[in-house]
Amino acid sequence: MSGTIGRIGFIGIGRMGWPMAIRLIEAGFAVTVQDAVPGRAEDFVRRHGGTAGEAARGAEALVTMLPTSRDVAQALAEAGPLLAPGAVVIEMSSGEPSATRALAADLAARGIGMVDAPVSGGVARAETGSLAIMTGGDAAALERVDPLLRAMGTTITRCGEIGAGQAMKALNNLVSAAGFLVSVEALLIGSRFGLDPAVMVDVLNASTGMNNSTQRKLKQFVLSRSFDSGFGLDLMVKDLSIALQVGRETATPAPLSAQTRELWAAAAGLLGSGQDHTAAARFSEALASDELHSPQINRKG
Ligand code: NAD
């Protein structure tokens, strides 16, 4: 498991994987892309280069960027045996730490390394190669894949053993999800009081209530009614379930976290599949029989 990496396989060129794979190609790596959607890999290659096909065949590193750990296990069952001897799997999905540890043990028995390196920053920062990447795994393997990670992200933080990056990622999204919902509730209350929600966002951003949702989501995706941040509601519920799973595994009482997950799951149930996570604001609006709008913000759609 040593030596520089030239040939990279990339499985899962969805909303995040697509721009991340572009960054690897632009950094000079030879990348083979693969996706379950027929024609998607070929479309990517026509526009951005690289090759389409069995991503793992002969690869020295294989990036997985798939919805869930179950998808990763399925993909690796086929891809694992095709990898070059001594290759490293870089699992960048927001997956389950315990599932990733089990996969890493299976791969290690076949001489294949694995690190987890989930990301934060969304599609916008994937496009600019400025993702926050949180890693878990063996130091030597992480050292080896560092040039790849640096092509995709600017803040790379080692969190611990394999699975530690994914635990950190789920907990990040727990904080982010709670911040989003309470911010929307605050806007609903303020709006009924007579405050303009856009003015409220400006005040929050100049005050101690500021958070990622006040900075990057409420005006952009909620007050505009566009609900198109590029991060799915179902994926957020999955991340919150992982955070609670880690909470159970560590016997940590976390009642507020449990309620946060329940609220997001209820929003997903009410709104149905295929929604952007920022559409969860509609759930809070439904509870209040109200809708957020501001005379300052042009509504899209
Ligand atoms: P997505 O649904 O847009 O993309 C997933 C891609 O994987 C799809 O193109 C799908 O066809 C493909 N796929 C699924 N199973 C496959 C398989 N077995 N083999 C090959 N391809 C397969 O999802 P996304 O938004 O890109 O998210 C990917 C991961 O990144 C998730 O774990 C998510 O939680 C995480 N994440 C997403 C964001 C975001 O803003 N979208 C931000 C940070 C982290």
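Guide: Start with helix α7 (residues 164-193) and helix α11 (residues 233-249): their axes come within 8 Å and cross at roughly 115 degrees. Helices here are DSSP runs of H or I with at least four residues, strands are E runs of at least two, and both are numbered from the N terminus. Axes are lines fitted to C-alpha atoms, for helices over the stretch in contact, and angles run from 0 to 180 degrees between N-to-C directions.

This is a predicted model: local features need pLDDT of at least 70, side-chain atom pairs count only at pLDDT 80 or more, and totals for chains, interfaces and linings use all residues. Residues are numbered from 1 along each chain as its sequence is written, and side-chain values use heavy atoms, with hydrogens and water left out.

Now look at who touches whom. From α7 come Ala167, Lys169, Ala170, Leu171, Asn173, Leu174 and Ala177. From α11 come Met236, Asp239, Leu240, Ile242, Ala243 and Val246. Contact means heavy atoms within 4.5 Å.

Stay on α7. Glutamine 166 sits in this helix. Glutamine 166 counts as buried because its relative accessibility is 1%. Buried means under 20% relative accessible area, exposed over 50%, and partly exposed in between, with a 1.4 Å probe and protein chains only. Beyond residues up to four places away in sequence, glutamine 166 touches Glu91, Ser93, Ser94, Gly95, Glu96, Pro97, Thr100, Asp116 and Pro118.

Glutamate 91 stands opposite aspartate 116 in β6. Strand β5 (residues 88-91) and β6 run parallel, joined by four bridges. Two strands pair if DSSP finds at least two bridges between them. In β6 (residues 113-116), Gly113 and Val115 point one way, Met114 and Asp116 the other, and all are buried.

Next, the cores. A nonpolar core is a set of buried Ala, Val, Leu, Ile, Met, Phe, Trp, Tyr and Cys residues joined through side-chain atoms within 4.5 Å. The largest has 36 residues, and Phe10, Met20, Leu24, Ile90 and Met92 have the most contacts inside it. Apart from it lies another core, of 33 residues, including Leu174 and Val246. Both of these also belong to the helix contact, Leu174 on α7 and Val246 on α11.

Finally, leucine 263 lies in helix α12 (residues 255-271). Leucine 263 counts as partly exposed because its relative accessibility is 26%. Neighbours within four places aside, leucine 263 is in contact with Leu181 and Phe283.
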